[in-house]
Amino acid sequence: MSESLAVGRAPAAARGPARAAGGTAALDPRRKLQLALGVIWVLDGILQYQPSMFTTSFPGMLAESARGNPAVVATPITWSANLIDHHVAVLNAVFATVQLALGLGIAWRPTVRLALAASVAWSLAVWWLGEGFGGILAGTASPVNGAPGPVVLYAVLAVLLWPADRDPSAPFVAGRAVGRRVARATWLVLWGSLAAFALLPASRAPGAISDTLSDGAVGAPAWLAWIDTHAASALNDRGLPASIVLAVLLTAVAAAVYLPPPVVRAALVLALVLAAALWLAQGMGELFTGMATDPESGPLLALLALAFWPAAPVRPAAQAGEA
Amino acid sequence: MGGPAWLTGIFAAAMLAVAVYCTGRLIAARRWRRPTELDTDGAHVVMGLAMAGTLVSGLRTLPATMWEAVFAAGAAWFGWRMLQARRGAQPTPWRSSHPLPHLVECAAMVFMFLILPASAAARGISMTATESRFSFLTLPLALFLFGYAVWLGDRVTLHAPVLALAAGGGSSTPHPARRHLAPRCAAICKITMGITMGYTLILML
């Protein structure tokens, strides 16, 4: 397979040289999603360069993710947080630069595979040492607070957007690299687990959702604080019914991927709406506080939904023209 | 600015390097009659100087109001170029054929200078847009600039003539024999500018 096919470059001749050279028309949907993932990695890298990340607040934040986890998980988290605490300036600069490099590496076609592979390894390491597996083992995971941990979604996206065509006739981008069965199973497990997390005792407690919303309002600009404060007020002491509604919606999104395309489209629109709502509930990843290391799970869930959007499969003629 | 001094110093040095390089491009293009985006290179010269001053107070050259006027004029120019392109005007290799990103860059510069309090600017302390009623613009501007940088990163691996078309030439050129002046270096300058400007905006969140 040629590199141009692997990264998803559309046939230039068929589109005209000017468009192929300069326009987004020259990019196929998978390449566009890869670039969107690259943008989020660049954002992550720049967020990691924020002044507060060069202080002991950063290792302190990492150490907090050990809380409630079993010792086998918590001990390495505490060890790495201590290590970072002793060399915070150097290590944080390295972390930021790595994430920036991952984003630019995904953008640069010769390194797209290397960058995606490295992003999987990086994401899994950070999922453990930086996010404590999103609180799954601690019983505190909730879709409202970013479970299963935003960083693991980078790894899932990197695999689903891998530049290979195991199933080129897959009706959605995510199925091309791993096959439609594996892609659909991944979707089902991810969104199904979000539904399950929504029903955990810690998530369905009366004040759980409203507390998370209130936290999201702290340090946020007035318009976002207004949204989160009013939503928190409306859901105050209504944690159980809100969790049940959220779980039902998440289950519907999870199962819909096996249904006919019109239903899938409707479910993906719902997934995008849920992703946006969760992002607002998360205070847009607390980007405005100066302490955010990533934009939280909302944008990544939205990107994932777009990767499952039903689309025309890649035509064999187009592949032949590119190879 | 609020970042560690060594980090903002690196970004400021990168901005000065972009300004110097783009000045060199303008001179080389005139001397060798090789096409380059005169408006983009010119904008990056002044943006590099202004950004360096924003990042490191010791490198400040002009007062904020003057920079606002300069970049408002730049935004007007690129806006006019956009209108021309929409009306189907013949593209030229000497001007940007993709004025939108540069319009956004100029708008971001005006935005930064407008919300940067004069007292904070004078003392080089951290600034924030959170209290500003235009705070909702900060994140979209930063994301647009990161998106532009990533898009250029994708384009930069295309072979040079195609990149020249993508970067500034369009499909018809008055001097087909003359190759575009170092299109990959121009793209790298734009990426550096986009990332640094995005960093500055993120510091203002």
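A: Residues 1-25 of chain A keep a pLDDT under 50; pLDDT is the predictor's confidence in each residue, from 0 to 100. For this stretch the model has 53 contacts beyond four places in sequence. Two residues are in contact if their C-beta atoms, placed from the backbone, lie within 7 Å. Residues 317-323 of chain A also stay under 50, with 14 such contacts. Chain A as a whole averages a pLDDT of 88, and 88% of its residues score at least 70.

This is a predicted model: local features need pLDDT of at least 70, side-chain atom pairs count only at pLDDT 80 or more, and totals for chains, interfaces and linings use all residues. Residues are numbered from 1 along each chain as its sequence is written, while chains are lettered from A and ligands numbered from 1 in the order in which they are written.

Now the fold. Chain A has 19 helices and 0 strands (DSSP runs: helices are H or I, at least four residues; strands are E, at least two; both numbered from the N terminus). Of its 323 residues, 52% are buried, meaning that 20 or more other C-beta atoms lie within 10 Å of their own. Take contacts in chain A between residues at least 6 apart in sequence: 69% join residues at least 24 apart.

Last, the core. The largest nonpolar core holds 156 residues (buried Ala, Val, Leu, Ile, Met, Phe, Trp, Tyr and Cys, joined through C-beta atoms within 7 Å). V42(A), L157(A), L250(A) and A307(A) touch the most other members. Leaving out residues up to four places away in sequence, L157(A) touches L37(A), L300(A), L303(A) and L304(A).

How values were computed: A residue is buried if 20 or more other C-beta atoms lie within 10 Å of its own, exposed if 12 or fewer, and partly exposed in between; C-beta atoms are placed from the backbone.
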